[in-house]
Amino acid sequence: ARPTFFGRQTSLVGRHALEGLEAAQGALDTSLTTSFADQGQNINGILFQASLPPYLAFLYFLGYKGNNTPPLVKFAFAFLLTFVVSTIPSGIISKSTYGVILADSDWLHGAAESLLTCTNILLVLGLRAGLAGDASAAEGGAAKSVAGA
């Protein structure tokens, strides 16, 4: 008997394609489960989840006019969230593809950490310009374009 899909008979090629899709869906479900299965109950996962609201509050108050924070510094601290967001899929890929944590997958870990390096460079440029009183550099137009904003 030929396999059916939504009540229709499928060819042998179609059957293999469906099996591949089902396997991919199963792998995706498994990878998402295994990637964060160990994070919800250990101290790292709890601290990661608990750190986001205070950081968002920090960003909010950093933008307060009375702080006189240089715009490039505000941008750099907000850009740090791209590093945080990029580590999530990187961790999923490293766990599901290579079976290791992100720190053990050099090229994925390095790519994610490069965003942290960009954040640090933007912070240094913004703070330096702010301390020197260079308003045009503190705006960071060129630095923001390099960062992709």
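The questions and answers below go through a predicted model of one protein chain.

Residues are numbered from 1 along each chain as its sequence is written. In this predicted model, local features need pLDDT of at least 70, side-chain atom pairs count only at pLDDT 80 or more, and totals for chains, interfaces and linings use all residues, while side-chain values use heavy atoms, with hydrogens and water left out.

Reader: Where in the protein chain is confidence highest, and where is it lowest?
Author: pLDDT is the predictor's confidence in each residue, from 0 to 100. The protein chain averages 75, and 65% of the residues score at least 70. Confidence is highest in α4, at 90, and lowest in strand β1 (residues 4-5), at a mean of 49.

Reader: Over which residues is the pLDDT below 50, and how many contacts does this stretch have beyond near neighbours in sequence?
Author: Contact means heavy atoms within 4.5 Å. Where pLDDT is low, predicted coordinates should not be read in detail. The stretch with pLDDT below 50 is residues 10-14, and its contacts in the model beyond near neighbours in sequence number 7.

Reader: What share of the residues in the protein chain is buried?
Author: Buried means under 20% relative accessible area, exposed over 50%, and partly exposed in between (1.4 Å probe, protein chains only). Accessible areas come from the Shrake-Rupley method with a 1.4 Å probe, and for residues only the protein chains shown count as cover. The protein chain exposes about 10,000 Å², of which carbon and sulfur atoms supply 66%. Of its 149 residues, the buried share is 23%.

Reader: How far apart are the end C-alpha atoms of α3?
Author: The expected span of a helix is 1.5 Å times one less than its number of residues. For the 28 residues of α3 this gives 40 Å, and the distance in the model agrees, at 40 Å.

Reader: Which residues of α4 are buried?
Author: Helix α4 has 27 residues and reaches 38 Å from its first C-alpha to its last, close to the expected 39 Å. The residue that follows α4 is G133, with a positive phi near 80 degrees. Within α4, the buried residues are L108, A112, T119, L122, L123, G126 and A129.

Reader: Which backbone oxygen does the side chain of T87 reach?
Author: T87 is in helix α3. Leaving aside neighbours within four places in sequence, T87 is in contact with L102 and A112. Its side chain reaches, at 2.7 Å, the backbone oxygen of V84.

Reader: Is T69 buried or exposed?
Author: T69 lies in the loop between α2 (43-62) and α3. Not counting residues up to four places away in sequence, T69 touches L62 and K74. A polar atom of the T69 side chain is 3.2 Å from the backbone oxygen of L62. The relative accessible area of T69 is 15%, so T69 is buried.

Reader: What is the phi of N68?
Author: N68 is in the loop between α2 and α3. With a relative accessible area of 66%, N68 is exposed. Its phi is positive in a residue other than glycine, near 55 degrees.

Reader: How far apart in space are D104 and S94, C-alpha to C-alpha?
Author: D104 is found in the loop between α3 and α4. At a relative accessible area of 52%, D104 is exposed. D104 and S94 are 10 residues apart in sequence, and their C-alpha distance is 8.3 Å.

Conventions: Helices (H or I, at least four residues) and strands (E, at least two) are DSSP runs, numbered from the N terminus. A polar contact is a pair of N or O atoms within 3.5 Å; within protein, one must be able to donate a hydrogen and the other to accept it, and residues adjacent in sequence count only if both atoms are side-chain atoms.
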